Amino acid sequence: MFNHADLAKLQAQSLKMQGFIRQQTFSPEMEKTLRRFSSWEVAELIFKMNPSTLRGRLAADPSLPEGLVEEDGRQRWYTLEEINELRRKIKVKGRSLMPKRPAGKRAIRAAIANFKGGAGKSTVALHFAHAAALDGYRVLCVDFDPQATLSHSMGLSDVAEEFTVWGIMARDLIRETERMNNAPAGAESGTSLPHRTLPAAVTGMGLNDLRVSDFIKPTCWPSIDLIPSCANAAFVEFASAQYRHLNPEWSFFAAVSRYLDQLPDDAYDLVIFDCPPAIGYQSMNAVFAADVLYIPSGPGYWEYDSTTSFIGQLSEALEDLGRFKGQVPGNSAVDKAFLDLRFLLTRFEPNNDLHRAMQSAFGQVFKSHVAEHPIEMTRAVEQSGRFLSSVYEIDYRQMTRETWRRARASFDRAYEEFRDTLTVAWDKMED
């Protein structure tokens with residue numbers, strides 16, 4: 001017989017192993033650090049220019065960052081801050097190296113979501129965030145998944161649950177209830193909303209006093225911030241059901257959207273959501289706040305089956321939320337619509353007949369919504385997961401350069417298609 005005490009004991013043992021793994025993977029201080037990038041990477045893979053051209057620019061302008069020179073003097077290595085300084089100062093044939101961003105618009109938001117565990121949601125979110133940062137964008141990641149894989153991969157593991165999405169939702173409940181109670185008049189229909197009283201267990205947590213910035217944590221990537229998750233945040237689904245009972249008029253699904261709307265429009269360029277493998281209070285907050293929906297899927301039949309179930313249940317959930325505004329007098333919720341929707345195949349093996357057949361099936365059903373470039377399964381991808389890192393964080397000298405380049409090329413192609421999809425959607429987005 002095993003009870004909660006036995007499970008707690010097993011967790012304590014596992015936490016010790018987690019600490020050991022982090023110590024082996026991260027720095028001696030158990031903090032994740034970002035490596036430097038070689039001048040070859042900077043020129044060819046990041047700036048898309050000839051390495052000799054970059055060397056010429058560096059030689060001609062002593063004000064440019066010099067980087068860290070190897071002892072043999074053959075290679076320079078740059079921090080991401082130095083790379084971004086180079087990006088701001090260098091032009092190639094009159095072309096700026098700064099990334100595209102529509103003027104006067106807030107950051108565009110993309111949700112990475114699906115039912116299936118192991119579909120690669122966290123891997124995709126992590127790699128797209130890192131690729132975007134190397135592309136010059138400022139990125140905010142939001143980890144909605146209580147498994148906290150994205151948070152751990154970003155180097156954050158000691159997170160209090162009040163600073164997760166659960167804290168944002170509970171804070172929103174308090175503020176929205178106060179707003180409704182303090183409304184000077186009844187709803188447009190003439191029906192006044194009832195006065196709702198929240199228990200001290202909710203109002204006494206101090207969440208209402210937290211600033212917007214208190215939920216955002218820095219990462220070892222200087223241009224990536226994170227709203228983290230933690231295992232204790234798993235109870236958000238139970239708590240949210242209770243919160244809805246306390247105030248049925250609370251539009252729970254818009255809590256994170258309202259929170260993000262409080263950020264300055266120019267604080268970030270991209271916001272990337274890593275969603276849990278279920279349709280619940282957290283995932284509905286993610287999809288409701290998202291402008292673009294990206295659905296990763298493995299290349300097997302069961303993944304295809306799960307993806308089909310996911311979009312069906314998501315459709316029903318969004319339809320139900322569309323009725324919410326009619327159920328609550330004066331509620332201003334609107335029907336949710338995405339600017340774009342894409343299906344992305346992951347763990348794809350080009351020489352696998354089954355994988356190619358499933359790629360064809362996805363294309364026949366979802367047509368132009370299927371991303372052209374799948375993410376291939378390579379040894380470097382497997383190794384990146386083992387080291388809690390993305391391919392971009394792995395030093396190519398730790399393996400053969402060709403193995404590393406193949407993995408990076410796969411993620412580069414997938415990211416560039418993701419970026420171009422967001423750019424088009426960004427132009428459609430209202431100011």
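How many of the nine residues of helix α11 (residues 281–289) are buried? The legends below begin with this helix. This is a predicted model, in which local features need pLDDT of at least 70 and side-chain atom pairs count only at pLDDT 80 or more, while totals for chains, interfaces and linings use all residues. Residues are numbered from 1 along each chain as its sequence is written, and side-chain values use heavy atoms, with hydrogens and water left out.

**View 1. Helix α11 is mostly covered.** Nine of its nine residues are buried. They are Y281, Q282, S283, M284, N285, A286, V287, F288 and A289. Buried means under 20% relative accessible area, exposed over 50% and partly exposed in between, with a 1.4 Å probe and protein chains only. Helices (H or I, at least four residues) and strands (E, at least two) are DSSP runs, numbered from the N terminus.

**View 2. Strand β6 (residues 108–112) is mostly covered.** Five of its five residues are buried. I108, A110 and I112 point one way from the strand, and R109 and A111 point the other way. Strand β6 pairs with strand β10 (residues 270–274) in the parallel sense over five bridges, and I108 has L270 in β10 as its bridge partner. Strand β11 (residues 292–297) also runs parallel to β6, joined to it by three bridges; here the bridge partner of I112 is Y294. Two strands pair if DSSP finds at least two bridges between them.

**View 3. Three strands form an open sheet in the order β1-β3-β2, with antiparallel pairing.** β1 (37–38) and β2 (68–69) stand at the edges with a single partner strand each, so one side of each is left without a neighbour in the sheet. Two bridges join β1 to strand β3 (residues 76–78), and these two run antiparallel. S38 stands opposite W77 in β3. Helix α4 (residues 80–89) packs on the sheet and touches β1 and β3; contact means heavy atoms within 4.5 Å. The direction of α4 makes about 95 degrees with that of β3.

**View 4. Helix α7 (residues 165–181) packs with helix α9 (residues 236–246).** Their axes come within 11 Å and cross at roughly 5 degrees. Axes are lines fitted to C-alpha atoms, for helices over the stretch in contact, and angles run from 0 to 180 degrees between N-to-C directions. The two helices, α7 and α9, are therefore roughly parallel to each other (angles under 35 degrees count as roughly parallel, over 145 as roughly antiparallel, 65 to 115 as roughly perpendicular and the rest as oblique). W166, M169, A170 and L173 of α7 meet V236, A239, S240 and Y243 of α9. By class, this contact has seven nonpolar, one polar and no charged residues. Ala, Val, Leu, Ile, Met, Phe, Trp, Tyr, Cys and Pro count as nonpolar, Asp, Glu, Lys and Arg as charged, and the others, Gly among them, as polar.

**View 5. Helix α2 (residues 39–46) packs with helix α15 (residues 401–428) at an angle of about 35 degrees.** The axes of α2 and α15 are 13 Å apart. W40, E41, E44, L45 and I46 of α2 make the contact with R401, W404, R405 and R408 of α15. By class, four residues in the contact are nonpolar, none is polar and five are charged.

**View 6. S389 lies in the loop between α14 (379–386) and α15.** S389 is buried, with a relative accessible area of 13%. Its C-alpha atom is separated by 6.0 Å from that of S153, 236 residues apart along the chain.
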